[in-house]
Amino acid sequence: MLRLISPLLLCLALAAPARADGPAAPAGSPAPSPRVEAVSDQFELVGRLRPEGLVLWLDRSADNAPVLNARLEVESGGQSAVAAFRPEHGDYLLGDAALLTALQQAGEHSLTFTLSLPATEGQAEESDLLLGDLDVHEDHALASGPIFTALLAGLALAAALLLGLGLAWHRRQQRQGGAV
């Protein structure tokens, strides 16, 4: 049985990222995703770069009340896109593929957030400009890119293939009456 599991363990060991910057993170705790903060007199914005896109939370500075249904445009490196409000989450999601590809690259990305709130009953139209920096470290850039995903999928496929071949060989030996 050990002969069947050994190739799988070897694949898993090779797939584990090496860390030269200190002890490994505890099992089950993902590396923190890159974060951006932008603050003005009226608004506070926090964002996290996640696999689904740049997730943004927008609040009023005075009372920390969430700002819902605003138009939030994000600009970086000459590219811009509007983040969609997600009422089920109470946040905004920037899902523009071209802009996200640029933001997932390692380095510091200056972001400009243009906020527009339409006039409502008892409230005048509001707008603001917020500035923030998104610092993406090399390990997160590798862990979030399509190359890493393809590599991980390939390793998982290779491990499954080796395990399947090992099981098939084991069953064949049992049918032929050989000792394993």
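The structure is a predicted model. Its largest nonpolar core has 27 residues, and a hairpin joins strand 1 to strand 2.

**Strands 1 and 2**

- Strand 1 covers residues 35-39, and strand 2 covers residues 43-50.
- The two strands pair in the antiparallel sense, with 5 bridges between them.
- The hairpin that links strand 1 to strand 2 runs through 3 residues.
- Arg 35 has Arg 48 of strand 2 opposite to it.
- In a regular strand, side chains alternate between the two faces of the sheet.

**The largest nonpolar core**

- In soluble globular proteins, nonpolar side chains tend to be buried together.
- Within the core of 27 residues, Leu 56, Tyr 92 and Phe 113 have the most contacts.
- Strand 7, formed by residues 107-117, gives the most to this core, namely 4 residues.
- Beyond its neighbours within four places in sequence, Tyr 92 is in contact with several residues, including Leu 54, Leu 56, Val 67, Leu 72, Ala 83 and Phe 85.

**Arg 86**

- Arg 86 belongs to strand 5, which spans residues 79-86.
- Arg 86 counts as buried because its relative accessibility is 15%, and the cut-off for buried is under 20%.
- When residues up to four places away in sequence are not counted, Arg 86 touches Glu 52, Val 55, Asp 91 and Leu 93.

Definitions and conventions:
Residues numbered from 1 in each chain as written. Predicted model: local features only at pLDDT ≥ 70, side-chain atom pairs only at ≥ 80, totals over all residues. Heavy atoms only, no water. Buried < 20%, exposed > 50% of the residue type's maximum accessible area, 1.4 Å probe, protein only. Pairing = 2+ DSSP bridges. Core = buried A, V, L, I, M, F, W, Y, C linked by side-chain atoms within 4.5 Å. Contact = heavy atoms within 4.5 Å.
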